[in-house]
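This briefing is meant for a reader who is meeting the structure for the first time. Please keep the sequence and the 3D view at hand while reading.

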Amino acid sequence: MNFSKVTILCIGDVMLDRFIYGSVQRISPEAPVPVLQLNDKKEMLGGAGNVTNNILSLGGKAILIGLIGQDEYAVNIKNLTQAQNITDHYLVKSQYRPTICKSRFIAANQQVIRADEESLIPLHHEEVSQLLQSIDEAISKVNAIIISDYGKGVCHPIVMKHTMQQAKLHHIPVFVDPKSSDFSLYQYATCVTPNTKEASTAVQHPLNNDQDFEQAGEALLNATQGQAILITRSEKGMTLIERGKPATTIPSRAREVFDVSGAGDTVIATLTLAYAAGYDLTEAMHIANAAAGVVVAKAGTSTTTIAEVLNELKAQDPRSFSETISPSLLHPNQLLEQVKLWKKQKLVVGFTNGCFDIIHPGHIALLKNARAQCDRLIVALNTDRSIKALKGEQRPINDLTSRSQVMAAIRYVDAVVAFDEDTPFNLIHLFKPEILVKGADYQNKEVVGRDIVEQNGGKVILAELQEGFSTTNIIDKIASS
């Protein structure tokens with residue numbers, strides 16, 4: 001699962017999210033309210049900006065279009081986008097409204113109060129014109145569009161209609177996180193993703209069971225004349241209604257919900273990335289469901305990474321999603337985030353490496369032994385170039401993609417990564433595993449990375465090998481047959 005070649009255009013209400021932390025130790029003598037002693041502050045992109053955060057966190061690229069004012073909050077937003085490599089020069093600087101800012105005051109991990117600074121006046125014709133110009137300039141650079149409607153003005157009917165027309169002209173899918181109860185505003189969208197409350201309001205009746213959700217989805221699909229409706233159902237999962245197909249409902253995995261802030265942003269970002277990367281809507285829904293499960297367990301407006309999503313998918317019933325979603329090869333930086341999470345969970349991380357060109361029982365015995373020594377096992381594969389340098393031009397028999405797919409399917413393996421050098425020293429230095437496993441044939445050889453592991457309190461284990469098996473012997477046997 002790799003989104004590095006996917007660029008998403010995010011159109012919608014951009015805002016600054018401020019989290020102001022403090023402690024409450026007394027009640028004000030002036031009024032029956034708590035006194036918050038401030039000690040920390042954090043700022044991040046909110047609204048459509050948080051969607052771009054999610055896209056980048058998952059490895060994709062993002063272009064952001066929305067309205068900001070000409071004030072200090074606008075400067076803060078520009079600083080954040082530039083620091084995160086979000087393309088922001090299509091943002092419209094408005095003289096008619098301030099930058100939207102939501103300030104949350106927090107004590108003991110709970111919001112005490114939220115203060116919103118915004119203007120809800122209708123869009124000025126100049127703002128509309130500038131937004132249309134930005135869309136026209138950016139649309140040829142993207143693989144998909146997300147419309148993030150927070151009901152603050154950017155998703156004006158003229159802007160929506162123009163976006164849909166341009167998307168159709170450029171053959172680009174459009175995904176919408178709605179706010180309006182009039183779904184005809186999102187006409188011809190590829191997929192609209194209302195939550196239960198939004199879907200219920202739009203069809204004007206409560207949704208109590210699967211049949212209600214399916215009927216609501218059909219009604220909303222008729223209103224949009226689009227391809228699909230995905231209704232997010234909080235702890236009850238998601239329901240997907242695609243034109244001409246039976247409805248699909250999947251549950252969410254039972255887990256502690258810490259904060260639902262931004263979960264909708266995560267869903268639409270992940271769904272769009274997956275679809276633009278080649279997954280169908282059902283597969284994309286499973287990936288988005290896993291991503292949402294990760295972020296609701298975090299505090300504040302959070303994002304997730306591919307590594308965390310893959311881990312969540314692996315924790316779910318493997319029958320509930322397509323085999324094509326199974327993890328194969330992770331980028332080292334993606335895996336590093338997962339390693340940090342494992343270590344935070346007090347799990348022992350193990351590491352082994354090799355060519356693993358033709359998998360045989362000897363390999364399986366090594367992996368089984370390695371996994372028994374740790375809670376999570378990383379397998380690092382030599383790249384094709386690395387193998388040629390070590391074993392000659394006739395190797396490998398199987399390329400890296402094939403080898404990584406086979407390795408990822410082995411139940412003793414939790415993550416697969418590749419290295420192009422002669423040794424995995426750089427990866428061992430990056431991940432700092434607690435357990436480093438090599439075959440017993442390294443008894444009198446130098447084990448690369450031993451010093452790093454032992455300096456960090458870990459240990460090197462030389463696993464017994466199953467005799468009579470080797471890739472070279474298999475190749476020789478085939479050649480002589």
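Predicted model: local features only at pLDDT ≥ 70, side-chain atom pairs only at ≥ 80, totals over all residues.

**Helices α3 and α4**

- Helix α3 covers residues 125–138 and helix α4 covers residues 157–170; the two pack at an angle of about 15 degrees, and their axes are 10 Å apart.
- Angles under 35 degrees count as roughly parallel, and α3 and α4 are therefore roughly parallel to each other.
- On the side of α3 the contact is made by V128, L131, L132, I135 and D136, while α4 contributes I158, V159, H162, T163 and Q166.

**Helices α7 and α8**

- Helix α7 and helix α8, the latter spanning residues 281–295, pack at an angle of about 145 degrees with their axes 8 Å apart, and α7 passes α8 in a right-handed crossing.
- From α7 the contact draws on A263, T266, V267, T270, L271, A274 and Y275, and from α8 on L281, A284, M285, I287, A288, A291, A292 and V295.
- The residues in the contact of α7 with α8 divide into 13 nonpolar and 2 polar, with no charged residue among them.

**Aromatic pairs**

- The structure holds 2 aromatic pairs, one of which is formed by F175 and Y275 in an edge-to-face arrangement, with 5.4 Å from centre to centre and 65 degrees between the planes.
- This pair links distant parts of the chain, since F175 belongs to strand β10 (residues 174–177) and Y275 to helix α7 (residues 263–276), with the two residues 100 residues apart.
- Y275 is also one of the α7 residues that make the contact with α8.

**The parallel sheet**

- An open sheet is formed by 5 strands in the order β17-β16-β15-β18-β19, and their pairing is parallel.
- Its edge strands, each of which pairs on one side only, are β17 (415–419) and β19 (459–463).
- On average, and with direction ignored, neighbouring strands of this sheet are turned by 25 degrees against each other.
- Within the sheet, strand β15 (residues 349–354) runs parallel to strand β16 (residues 376–382) and is joined to it by 6 bridges; the bridge partner of T352 in β16 is V379.

Note on methods: Residues numbered from 1 in each chain as written. Heavy atoms only, no water. Pairing = 2+ DSSP bridges. Helix = DSSP H or I, 4+ residues; strand = E, 2+ residues; numbered from the N terminus. Axes fitted to C-alpha atoms, helices over the stretch in contact; angles between N-to-C directions. Parallel < 35°, antiparallel > 145°, perpendicular 65-115°, else oblique. Contact = heavy atoms within 4.5 Å. Phe/Tyr/Trp six-rings, centres within 6.5 Å; stacked < 30°, edge-to-face > 60°. Left-handed = near helix turned anticlockwise from the far one by under 90°. Nonpolar A, V, L, I, M, F, W, Y, C, P; charged D, E, K, R; others polar.
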